[in-house]
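Here is a short report on one protein structure. Look at the sequence and the model first, then read on.

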Amino acid sequence: MPRQFQPSSLGKLQEDLSQSQTVDNVNVDFSPLEFSKPMAMLVAGSYFRRWISRRRELGLRTTKSGITEKNNAHSYLMHLGFFDYAGMKDVGKNVGVAKGNTRYLPIREIRRAELDESIAETGEELIDAIVFLSDGLANVLAGEDNAEAKKGFSYSIREVIRNALEHSGSDSCFICGQRWVNGHSEIAIIDEGCGVHKTLCTAYELKEEDALREAIKPGVTRTQNMSEKENIYKNSGFGLYVLSELGNSFGWFCVGSGVRKLTCENGNKVDAELPFKGTFVGIHLNKNPRSFAGVLQDIISVGEEEAGREGRHSAASEISKTV
C-alpha cells in the first residue's frame, strides 16, 4: 500500500493491482498506510472490490497483512467500513454501521431502491428524498454554527448524488466525507455504473478523452434533447460545473471516469490517465466562501452566459439556485 490514500497515489495502486490480477498467492501489506482522504479512499476501495472479486472467480489465493488498530489510519478505516466496502469482510465495521459525528461521514451506500421505497410511502419525488439526505450529510461537512456553508455543502452533495442515481445506471452510490481541525473539508461520491462518456453519448458526439472536460461545462447534460416531460428531474447540466468552479476557487475538484481523471485547482484544469469503471467525484475545500450564496450566484450567472453563447441549456435549474 502507499503511505497515503490521496489522489496522487491512485495511479500506482491501480497499476499494481492490474499487474497482479491473475498472479496466484498475492499478499496485500497495509503496514505502510498512514493517512487517508475520502475520495482516494473510495476509489482505492472500488479498485479492491473488483480486484478481489475477479481473483475469487479465478480461485487465486490472496492474503492481507499489516492491519492493526494501533495504527491510527488503520483504525480509522476499520471504523469507517473501508475494509467491508473493499471486499474484505472480516476486518472492521460493515458499511453503514458507524454513525459519524460533526467532523466525519463514514462510508455510506445510498441505494436507489431504498429511496424509491421512501418515495412510495411519502409521495415525494426522488429529488425531495435526496434533498433531505444531503441536508443531513452537509451538517457533518460544514461544521457547527455555519448555516450558509451547510446549504452550500447540501447543494454540492445533492447534485452529485443526482448524477450518480439518474445517469450512471448503477443501483447505488457510495459517499463519505471528512472535516479536519484546520478547517479543510472533503466529500466524495462514487458509482460503479456506465461512466460519463457513455452517459453523454446519448446526447452528444464526443471522444472518450474529451468527456470529462465537456461534463463540467455549464448546460452539458444527457437530457439535452429531452422534452420537459421526459426530463422529470429538471436536470439542466449545471451540477458538475458549479462543483468544479467551487473546487477550483476554494480547494480542488476532481472527477474520474473511463480512462481519465480531471482535476481543477487554482484556476487550472489538468487531465491525466487513470482507468476507472464508473465515475468518482471529489470536492476538497480549504475554506468556506464567506458568502456562499453570493459565490454560487456569480458562478451560475457566468455559466448561463457561457451556455447561451455555445447553444446549450442557458438556464440552471431552480433547485440549483436554492442555496
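A disulfide is counted here when two cysteine sulfur atoms lie within 2.5 Å of each other. Such a link is a covalent bond between the sulfur atoms of two cysteines. By this rule, the count is zero disulfides.

This is a predicted model: local features need pLDDT of at least 70, side-chain atom pairs count only at pLDDT 80 or more, and totals for chains, interfaces and linings use all residues. Residues are numbered from 1 along each chain as its sequence is written, and side-chain values use heavy atoms, with hydrogens and water left out.

Cys176 is in no disulfide either.

How accessible are these residues, and others discussed below?

| Residue | Relative accessible area | Class |
|---|---|---|
| Cys173 | 0% | buried |
| Cys176 | 1% | buried |
| Val140 | 13% | buried |
| Asn288 | 26% | partly exposed |
| Asn266 | 63% | exposed |

**Helices H1 and H2**

Helices (H or I, at least four residues) and strands (E, at least two) are DSSP runs, numbered from the N terminus. Helix H1 covers residues 10-19, and helix H2 covers residues 38-58. Their axes come within 11 Å and cross at roughly 5°. Axes are lines fitted to C-alpha atoms, for helices over the stretch in contact, and angles run from 0 to 180 degrees between N-to-C directions. Angles under 35 degrees count as roughly parallel, over 145 as roughly antiparallel, 65 to 115 as roughly perpendicular and the rest as oblique. H1 and H2 are therefore roughly parallel to each other.

Which residues of H1 and H2 meet? Contact means heavy atoms within 4.5 Å. From H1 come Leu10, Leu13, Gln14 and Leu17; from H2 come Ala40, Val43, Ala44, Tyr47, Phe48 and Trp51. Nine of the residues in this contact are nonpolar, one is polar and none is charged. Here Ala, Val, Leu, Ile, Met, Phe, Trp, Tyr, Cys and Pro count as nonpolar, Asp, Glu, Lys and Arg as charged, and the others, Gly among them, as polar. An α-helix has 3.6 residues a turn, so residues three or four places apart point the same way.

H2 also passes a length check. The expected span of a helix is 1.5 Å times one less than its number of residues. The 21 residues of H2 should span 30 Å, and its end C-alpha atoms are 30 Å apart, which agrees. Just after H2, Gly59 takes a positive phi of about 75°.

**Asparagines in loops**

Asn25 is not a glycine, yet it has a positive phi of about 60°. Asn25 is in the loop between H1 and strand E2 (26-29). Asn266 has a positive phi of about 55° and is not a glycine. Asn266 is in the loop between strand E8 (251-265) and strand E9 (268-285).

Asn288 is in the loop between E9 and helix H11 (292-309). Not counting residues up to four places away in sequence, Asn288 touches Ala142, Asn146, Ala149 and Phe153.

**Val140 in H6**

Val140 is in helix H6 (residues 126-142). Val140 and Tyr104 are 36 residues apart along the chain, but their C-alpha atoms are separated by 5.9 Å. Leaving aside neighbours within four places in sequence, the contacts of Val140 include Tyr104, Leu105 and Arg179.

Conventions: Buried means under 20% relative accessible area, exposed over 50%, partly exposed in between (1.4 Å probe, protein chains only).
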